[in-house]
Amino acid sequence: MHFKPEEKLNWSNFDEMFEEKKVWVVDDSNLHRVTLHRSSVGHFKSTPINGVIFLLEPSNGDLFMRIVHSSEFGRSRNKQGKDGNISAKSVSCVLESLPLELHPEMFILNGAEESKEFGQEFGHKTVKNSDFRFPFRSLLNVQRFRDLVSQAEESKTLKFNLYDDWLDNILPFEAFGRLMKILRALSFCNPIVQQSLLGLTMDTDEMDVEGRNKFMRHWPNFTREQWNQLEGMMCNYSVEEFGRKNGINCDQFSTLEKRDIVYGLNIKQNVSSLSKRQRRSL
């Protein structure tokens, strides 16, 4: 078995995501979702709603979106009252629909809830945990994706490309970095950021010469210079919000620490070290 919890994705091996072998980042942060409602006697009760697992191939931006219908939850409860290994089972469903040459050689678990079970299920592949907490959760802040999940009447798999046509002008690791800045900024639900990113995309689906959809554009059709400007704004906003929520002056952040915030690396450790540094400077 090639799953070792101590082997994690971090900056020292970050380039592995963009090498020749196929890698999928697995994010199940939106899998277990519930709604709360009050019973007739005043107690709150939770009801499962549709969840989703995101599987991203960082080298090309392909996203497999496995929607898990609410009826799937509770079917395989164990003695502790927890659902079975839904993450691994859902990924298996995606793999079964693809030819072998499209299967990944490595899975990177982005904070997966069932990492041990996932490693057991895919023991014939390399499975790694991650020190990063990539902000894929905020994909559901995009109405297009949110509606697809909430309105699904059955479990199903959808495929998109989150890089649009970026790879015509930039390298895969740059496209991944741009996506991280977008998703981290969207995670704070700022209306200005949302308008800049989402308000310009609804009418930009490109057509081929016969009037058919060429591809679905998810983000604005900006020039590289416009993207550079927007990326800087999104990064600064995310750092400012992170500092505000944790009571830290954002001027205290170094360039590397700002990068760590965007990618979700050791955020708790950053809060502790920066708080100590700020107290020393007073």
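Mentor: Val34 lies in strand 3 (residues 33-38); strands are DSSP runs of E with at least two residues, helices are runs of H or I with at least four residues, and both are numbered from the N terminus. This is a predicted model, where local features need pLDDT of at least 70, side-chain atom pairs count only at pLDDT 80 or more, and totals for chains, interfaces and linings use all residues. Residues are numbered from 1 along each chain as its sequence is written, and side-chain values use heavy atoms, with hydrogens and water left out.

Trainee: Is Val34 buried or exposed, or partly exposed?

Mentor: Buried means under 20% relative accessible area, exposed over 50%, and partly exposed in between (1.4 Å probe, protein chains only). Val34 has a relative accessible area of 48%, so Val34 is partly exposed.

Trainee: Where is Phe107, and which residues is Phe107 in contact with?

Mentor: Contact means heavy atoms within 4.5 Å. Phe107 is in strand 7 (residues 106-109) and is buried, at a relative accessible area of 0%. Leaving aside neighbours within four places in sequence, its contacts include Trp24, Val26, Phe118 and Lys128. Phe107 and Val25 are 82 residues apart in sequence, and their C-alpha atoms are 5.9 Å apart in space.

Trainee: What span should helix 4 have?

Mentor: The expected span of a helix is 1.5 Å times one less than its number of residues. Helix 4 (residues 172-186) has 15 residues and should therefore span 21 Å; its end C-alpha atoms are 21 Å apart, which agrees.
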